[in-house]
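Student: I am new to this structure and would like a close look at a single part of it. Please take me through that part in one connected account.

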Amino acid sequence: QVQLLESGGGLVQAGGSLRLSCAASGRTFSSDAMGWFRQAPGKEREFVAGVNLSGGTTYYADSVKGRFTISRDNAKRTVDLQMNSLKPEDTAVYYCAGRVSWPAPRAEYWGQGTQVTVSS
């Protein structure tokens with residue numbers, strides 16, 4: 001079983017940047033596609049970004065393309081999300097996710113989430 005622990009959330013002004021990090025423990029990390037999802041108050045959880053096993057292929061929601069970058073380091077067992085040009089609508093709890101599948105993005109295991117708040 002893989003456990004995920006997110007860090008890096010916080011409060012930032014619109015236009016600013018944050019970097020989220022997800023540390024994984026367990027046996028299957030390097031064999032799972034990984035991703036980030038988010039959930040804003042009153043809304044359903046939505047896909048943000050994903051990365052394949054090697055880190056060579058990435059996927060993004062249209063709303064974050066060109067602003068967010070996902071990366072993974074299999075040796076360190078981490079998945080990062082660099083978020084630039086943040087907007088108030090990016091405010092949400094961000095979840096690291098494992099064994100992500102497409103085309104309808106879903107995941108099989110989750111971290112506990114980290115809050116990102118973007119002020120206008």
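Student: Is Trp102 buried, partly exposed or exposed, and what is its relative accessibility? Please describe its surroundings as well.

Tutor: The model is predicted, and the description that follows should be read with that in mind. Trp102 counts as partly exposed, because its relative accessibility is 27%, and the buried class requires a value under 20% while the exposed class requires one over 50%.

Two ring partners of Trp102 may be taken in turn. With Tyr59 the pair is stacked, since the ring centres are 4.2 Å apart and the planes stand at 25 degrees. This pair links distant parts of the chain: Tyr59 belongs to strand 6 (residues 58-60), Trp102 to the loop between strand 9 and strand 10, and 43 residues separate them. Tyr59 is itself partly exposed, with a relative accessible area of 32%.

The count of aromatic pairs comes to four. One of them joins Phe47 and Trp102 in an edge-to-face arrangement, with 6.1 Å from centre to centre and 85 degrees between the planes. Phe47 lies in strand 5 and Trp102 in the loop between strand 9 and strand 10 (109-110), so this pair ties together parts that are 55 residues apart in sequence. Phe47 is buried, with a relative accessible area of 15%. Through ring pairs, Phe37, Phe47, Tyr59, Trp102 and Trp110 are linked into a cluster.

Arg45 lies over the face of Tyr95, at 3.8 Å from the ring centre. The charged end of Arg72 is placed over the ring of Phe29, 4.7 Å from its centre.

Beyond its neighbours within four places in sequence, Met83 is in contact with residues including Leu18, Leu20, Phe68, Tyr94 and Val116.

Conventions: Residues numbered from 1 in each chain as written. Predicted model: local features only at pLDDT ≥ 70, side-chain atom pairs only at ≥ 80, totals over all residues. Heavy atoms only, no water. Contact = heavy atoms within 4.5 Å. Phe/Tyr/Trp six-rings, centres within 6.5 Å; stacked < 30°, edge-to-face > 60°. Helix = DSSP H or I, 4+ residues; strand = E, 2+ residues; numbered from the N terminus. Buried < 20%, exposed > 50% of the residue type's maximum accessible area, 1.4 Å probe, protein only. Lys NZ or Arg CZ within 6 Å of the ring centre and 35° of its normal.
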